[in-house]
12 protein chains.
Amino acid sequence: MKVLVIHGPNLNLTGLREKEIYGQMKLEEINSLLLDKGKKLGMELDIYQSNHEGEIIDRIHQAMEVDCIIINPGAFTHYSFAIRDALAACQVPVIEVHLSNIYAREKFRHHSVISPIAKGQISGFGYLSYLLALEAAVELVKK
Amino acid sequence: MKVLVIHGPNLNLTGLREKEIYGQMKLEEINSLLLDKGKKLGMELDIYQSNHEGEIIDRIHQAMEVDCIIINPGAFTHYSFAIRDALAACQVPVIEVHLSNIYAREKFRHHSVISPIAKGQISGFGYLSYLLALEAAVELVKK
Amino acid sequence: MKVLVIHGPNLNLTGLREKEIYGQMKLEEINSLLLDKGKKLGMELDIYQSNHEGEIIDRIHQAMEVDCIIINPGAFTHYSFAIRDALAACQVPVIEVHLSNIYAREKFRHHSVISPIAKGQISGFGYLSYLLALEAAVELVKK
Amino acid sequence: MKVLVIHGPNLNLTGLREKEIYGQMKLEEINSLLLDKGKKLGMELDIYQSNHEGEIIDRIHQAMEVDCIIINPGAFTHYSFAIRDALAACQVPVIEVHLSNIYAREKFRHHSVISPIAKGQISGFGYLSYLLALEAAVELVKK
Amino acid sequence: MKVLVIHGPNLNLTGLREKEIYGQMKLEEINSLLLDKGKKLGMELDIYQSNHEGEIIDRIHQAMEVDCIIINPGAFTHYSFAIRDALAACQVPVIEVHLSNIYAREKFRHHSVISPIAKGQISGFGYLSYLLALEAAVELVKK
Amino acid sequence: MKVLVIHGPNLNLTGLREKEIYGQMKLEEINSLLLDKGKKLGMELDIYQSNHEGEIIDRIHQAMEVDCIIINPGAFTHYSFAIRDALAACQVPVIEVHLSNIYAREKFRHHSVISPIAKGQISGFGYLSYLLALEAAVELVKK
Amino acid sequence: MKVLVIHGPNLNLTGLREKEIYGQMKLEEINSLLLDKGKKLGMELDIYQSNHEGEIIDRIHQAMEVDCIIINPGAFTHYSFAIRDALAACQVPVIEVHLSNIYAREKFRHHSVISPIAKGQISGFGYLSYLLALEAAVELVKK
Amino acid sequence: MKVLVIHGPNLNLTGLREKEIYGQMKLEEINSLLLDKGKKLGMELDIYQSNHEGEIIDRIHQAMEVDCIIINPGAFTHYSFAIRDALAACQVPVIEVHLSNIYAREKFRHHSVISPIAKGQISGFGYLSYLLALEAAVELVKK
Amino acid sequence: MKVLVIHGPNLNLTGLREKEIYGQMKLEEINSLLLDKGKKLGMELDIYQSNHEGEIIDRIHQAMEVDCIIINPGAFTHYSFAIRDALAACQVPVIEVHLSNIYAREKFRHHSVISPIAKGQISGFGYLSYLLALEAAVELVKK
Amino acid sequence: MKVLVIHGPNLNLTGLREKEIYGQMKLEEINSLLLDKGKKLGMELDIYQSNHEGEIIDRIHQAMEVDCIIINPGAFTHYSFAIRDALAACQVPVIEVHLSNIYAREKFRHHSVISPIAKGQISGFGYLSYLLALEAAVELVKK
Amino acid sequence: MKVLVIHGPNLNLTGLREKEIYGQMKLEEINSLLLDKGKKLGMELDIYQSNHEGEIIDRIHQAMEVDCIIINPGAFTHYSFAIRDALAACQVPVIEVHLSNIYAREKFRHHSVISPIAKGQISGFGYLSYLLALEAAVELVKK
Amino acid sequence: MKVLVIHGPNLNLTGLREKEIYGQMKLEEINSLLLDKGKKLGMELDIYQSNHEGEIIDRIHQAMEVDCIIINPGAFTHYSFAIRDALAACQVPVIEVHLSNIYAREKFRHHSVISPIAKGQISGFGYLSYLLALEAAVELVKK
């Protein structure tokens, strides 16, 4: 079982800046946890971060053979219909993940253009949001 | 560690009706899974279902000593400011859970009055949404 | 043929208060007329009134074996997504009934959260709205 | 007792097109049923269909002496303030009728500019909506 | 002179939780003050608290013989059209009361569905809001 | 100087119905006053009434040689972009007239789709609105 | 017959600035025309201009004995609820006047807070708007 | 292959008025080009113009046997739900055409009630919009 | 204890005009009652009325040494952000008062730009609103 | 005559994914058809696809010498004001093209930020939309 | 070169109140800095503060001979269309200045009715906003 | 003192295209002026232009050690929440700059998603906007 994990814009700063919102853990630490957990769940994980919308779209296009995409779209959550279309086109189950609870922050963060084409959404649990998504992926792929 | 799990209105019908939306598993089966997993995680689980807003509020008031509340507010998600206030008042970490992806359904389901006072939200993974919430609860209580 | 008739909140006051809006006839008188007409149409009528949203939901859940539900949701018309979900779940044809013409009253009464899942709606004819609904029920059940 | 029945635009296609929405019965068949029922109720029925807003207004103006107007305004329901004004001016009780449940269809069909000046509205019961309106007319005229 | 005082949902927690918003004084203490002041003003006070919308409606129906209703509808302020209808039906002067200034809090608290049918509204003075309402009641009943 | 006066839908009922809104004077009486005043002002008046949007458009198209159009669009005021386009196309100065003050009536009457292409608007003075428009026409044509 | 004519803010610049919008004629010239016409109509005219909302309100309060108020509220048209209340309180017929057609200009000018309490409105005819208002005043006072 | 071409209200003025918006070519010239091109494409063209909504609806009803309808609804684009229903009912592929780019003009022209039931839309190319539609029709009918 | 009482625009007409809305009592009578009650409560009252927004702001600036400001902003309630800023700047507790229940009147009166910076609001009790505010002031100043 | 054809994000998947929406034909096939038709029309075609907004902007900047730009902006249609500005700046006629009828799909696709600066728009005809655009380009460049 | 500097309502309190928002410097200190800088730039500065909208309008009218107006409209920014009209009428270049960043404060402060008629806007730099405006004025007048 | 200056999309065309909006001066000329002024103010300037949102984000991430960022986000102003987040994360004072007065242009340009996290904004002064920002930067860094 292959899973693509995509970290959207500014997530490379996780654990370095605005820790009160996004948590103490750095992105490479989160990635380590993901790889560990993935191994336990028998997953082949591919992890990717970019601040470029176009590169994320390209990467999704190449991911058409994976079993699941876990994506934290960062601020693209709120306006990138292009990423939404890319995800919809690749017809792989998508799990949307957020470090913070986007519904308890600024108003513009309450609306996701990605969630209507996702299987599910997990938000607000910091790095745990990703780990829970891995477990959810197992179940989604079974179906 | 004590956790209160609340199933809101109409969830007693889970697995009996509209299975294409809410899944095949009955509520008692989901509850069994929850109790099993809770045991493994060293949790004391208290599970409650009601179709009555007032009863849910009363139950939340009695839950002030628990470590975490996991709630699937059902249709109350969209208008019960009274449940929101009850949850906010009891000052226990709250996890909002949905069987279906509420953001991929009718427009009125896209807005939750509960999520601004929740720690996080998990929606769209059927019965698994609850199980993931149990894991998240462990982490939330640690902090 | 079994029909459940539900009178929502404040309908127990019909014919006692605000008669210029809701008419002169008391609820028990309306119920008598309904039982008479039901008998003529060969129906077994079950009539229920409650001011409690939760009780109405419970009652609907128990009504899964009836052939038709006629409901005047009173003020719940405008916000009870929980009753809507209960009605949708029980998958029985639903007829929405109002004593007054809700579209000629205050703005908040112009929107019904029930009607999208109803087969049809009859409003504005006082007690007659219910009687017409009984006739419509015959037709709906035939199909 | 004289009743004018007005069928608005495109209703001449009833039973010929989009039968899954509007039903199997042709307009002339509905009209026969109406005439039969009208006779039983001791009514003199005048039935009129037009796709022209202006002609419908003219017809309403000529109807000032009738006891009741039953109108299915078709798509004019949603924007013809001119028909609304004509109906209001003639000061005869008006019953608004729809074959389909307009509140369960496209959003633009949820708003009627006619209903604020109608006595009541019956929608969603196919040809039966008209027959029920005839019965309601009897009651309205009594008052 | 008889006055019914209704405390809505979560007000049983007053003085126990979120004291920075709702004040230090417990509900029973507020009730004592009310009874004292009521006695001085020659009033017979009936004080009622419930977290159940339906029970509040039932209680209002029984209160048709009182001279005034003072209600703090809590979160029901913002959506319970059913309580509004119950209050309107009983045709007794209503005074709406809030501990906190609802207009200086979250946006959803700025709109009351109760106030259009109330005589007046007092908000933001903590337990004093209730005491001032008692004085206002004297005046309203005089008229 | 030639002036076309257009009376829109339902204006043939002026002075016959809803006199408390539109005044006591019948349309033919208003027309007589208009013809008298027109004669005094040296105008050749052409007066036209129709309940048909299409006929009004046709009539405007034929009016391309007149010096001014005075139009009371009745309910077409609020939605007939087709009449607006016809008036704009004929490039003759247009004066919009209303018997009643449309800004003091129902909300839907507050917006005119005609006024952005009119030179000016006179509303609320009953039959006098037309007479004042004739005087204004003299001035507009001078320019 | 006494008439108060009020020119609102910036109208002292009429004929001096932005002539393409407000016309070539200076305010004193318009006032002369008004006085002439007023004399012919047997009116006692009181003309007042101010850029101060408070002064206009004070002036309206003093005008309670006049037979009619003609007001061009200038930019106050769009937000001065205080002037609206002053006009409503003095219970004298009010005619709202505008030099330009406010409905053909910027969006914020399309809404008048004054017109709901006015008898009628005349806009778009330059200085003639005022003269027509004088004639309308004669008629209004007759009633 | 039979194609009905409908020109909506005011299109009879094309090439005569507002040429800067709609172009220099007269409607009959456009029609000649259409007939020529139709002949080359092996089409039987029926061309119809009306300023009457009702007549356009009638014409569409008679067109049920054609292979494609090309319609420039003019101002009806923005509000004629009746024409939309007529087109939807006749279940023939519809191509919506506009001389000008409606999305670069006044705001009210940005919304078409016709396009949701059309196969496609061509706007902004003057008379060429129609000719391109003829070519598109060939392709649509093939499918 | 010093209290500044401000009466906003048009309140000088209280008891003279629109008594059905604002009550029978004249402003000077209300002021007498206020002075009496103030004396009993050991307050030094300064009472001020103006129809001029600027004068009210100036007066508030001079009031920086008072213990409480009671203000009935009249129509300024709905748009005077300048008065709001003045009140916020002076950092004295503010009580907003209304004679009528502003939430039961025209829609534009439902929104107050003042209340977000007030401690509390009392509306709907006529002159009593002011007297209750005096009592509330005592409590506010204590804190 | 030089024409730049731009395919926006995800269009590289045309004919590979979601064929029921975007059609069976692959992008290279569409491009072949375009090149063929371009040759016949005497055009020099430059065809470009990118999923990167920035690259599309760069490409447009380099295209300032072409005679026409045909762009299918894909999901950028709905939010890329940057592409809009680039197109506006290069002051070359722009034709907006869509494979599907964007007005018959999800609500967010109904609004194009590109169309106000385009000469025209063609949507809904699959690959034919592009071919029709080539023909339109010939005409646009002539002017 | 003559420049008029206008400080709107409540700006006389700058440096005295709410220093965390508006800064530590008093208005007279800011004015000294302005006069100094003005002298260096060869400007004749006229500085004016008022809390009265009408006085500010009067002052603008007298300023028609200046070369530039620098205005901090304070709370009038958000609703004084009368000041906007005064500024537009005087046809002198206008620079809008704010001490605080109005776009990072309450929602109602995000909209300025003045800026559409200003040449430019400087907000958020405390007293420096004014000094930068003086420099900008030099440039604007050059053009 | 180090300052990063970022020019957003299409700003490389400044002085080449749409000079009536953005001015005559080319970007390199503006940059020269900036470098000159920066030198005088003792600043080390780093100037960067890109049409790629992702590249701008990357560049901001690298700029965490600068003392101030001056950014003209071009069209990204209106939707790039990703750039906003990048700027917020780097926690360096940000000055938002625009060549044109964005509040006097198309409606979509009136809203900036960047300004809530900026210290201040300067718009409308052409190249001078940047130079003024340099001066403001000196002051911001002092604090």
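**Notebook: chain relations, a shared sheet and selected elements**

I looked first at chain I and chain J in this predicted model: chain I and chain J do not touch, and their nearest C-alpha atoms lie 30 Å apart. I then examined chain A and chain C, which likewise do not touch; here the nearest C-alpha atoms are 20 Å apart.

**Entry on chains H and J**

I repeated the search for chain H and chain J. Chain H is superposed on chain J by a rotation of 180 degrees, with a shift of 0.0 Å along the axis and an RMSD of 0.0 Å. In chain H, the residue that comes closest to the rotation axis is H:I122, at 2.2 Å by its C-alpha. I recorded that the same surface serves both copies, as 100% of the contact residues of chain H recur in chain J.

**Entry on the sheet of chains E and I**

I traced an open sheet of 10 strands with mixed pairing. Its order is β2(E)-β1(E)-β3(E)-β4(E)-β5(E)-β5(I)-β4(I)-β3(I)-β1(I)-β2(I). Which strands stand at the edges? I found β2 (44–49) of chain E and β2 (44–49) of chain I there, each with a single partner strand, so one side of each is left without a neighbour in the sheet. On average, neighbouring strands of this sheet are turned by 20 degrees against each other, direction ignored.

I then followed the chain E end of the order. Strand β1 (residues 2–7) of chain E pairs with β2(E) in the parallel sense over 6 bridges, and E:K2 stands opposite E:E44 in β2(E). I next looked for the helices that pack here. Helix α3 (residues 53–62) of chain E packs on the sheet and touches β1, β2 and β3 (68–72) of chain E; its direction makes about 160 degrees with that of β2(E). Helix α2 (residues 27–40) of chain E lies across β1 and β2 of chain E and runs at about 165 degrees to β2(E).

**Entry on strand β1 of chain G**

I asked how many residues of strand β1 (residues 2–7) of chain G are buried. The strand is mostly covered, with 5 of its 6 residues buried. β1(G) pairs in the parallel sense with strand β2 (residues 44–49) of chain G over 6 bridges, where G:I6 stands opposite G:Y48. β1(G) also runs parallel to strand β3 (residues 68–72) of chain G, joined by 5 bridges. There I noted G:I70 as the bridge partner of G:V5.

**Entry on helix α5 of chain L**

I checked the span of helix α5 (residues 127–142) of chain L, which has 16 residues. From first C-alpha to last it reaches 24 Å, close to the 22 Å expected at 1.5 Å a residue. I found α5(L) mostly covered, with 13 of its 16 residues buried.

Conventions: Residues numbered from 1 in each chain as written. Chains lettered and ligands numbered in written order. Predicted model: local features only at pLDDT ≥ 70, side-chain atom pairs only at ≥ 80, totals over all residues. Heavy atoms only, no water. Least-squares fit on C-alpha atoms with pLDDT ≥ 70 in both. Contact = heavy atoms within 4.5 Å. Buried < 20%, exposed > 50% of the residue type's maximum accessible area, 1.4 Å probe, protein only. Helix = DSSP H or I, 4+ residues; strand = E, 2+ residues; numbered from the N terminus. Pairing = 2+ DSSP bridges. Axes fitted to C-alpha atoms, helices over the stretch in contact; angles between N-to-C directions. Expected span 1.5 Å × (residues − 1).
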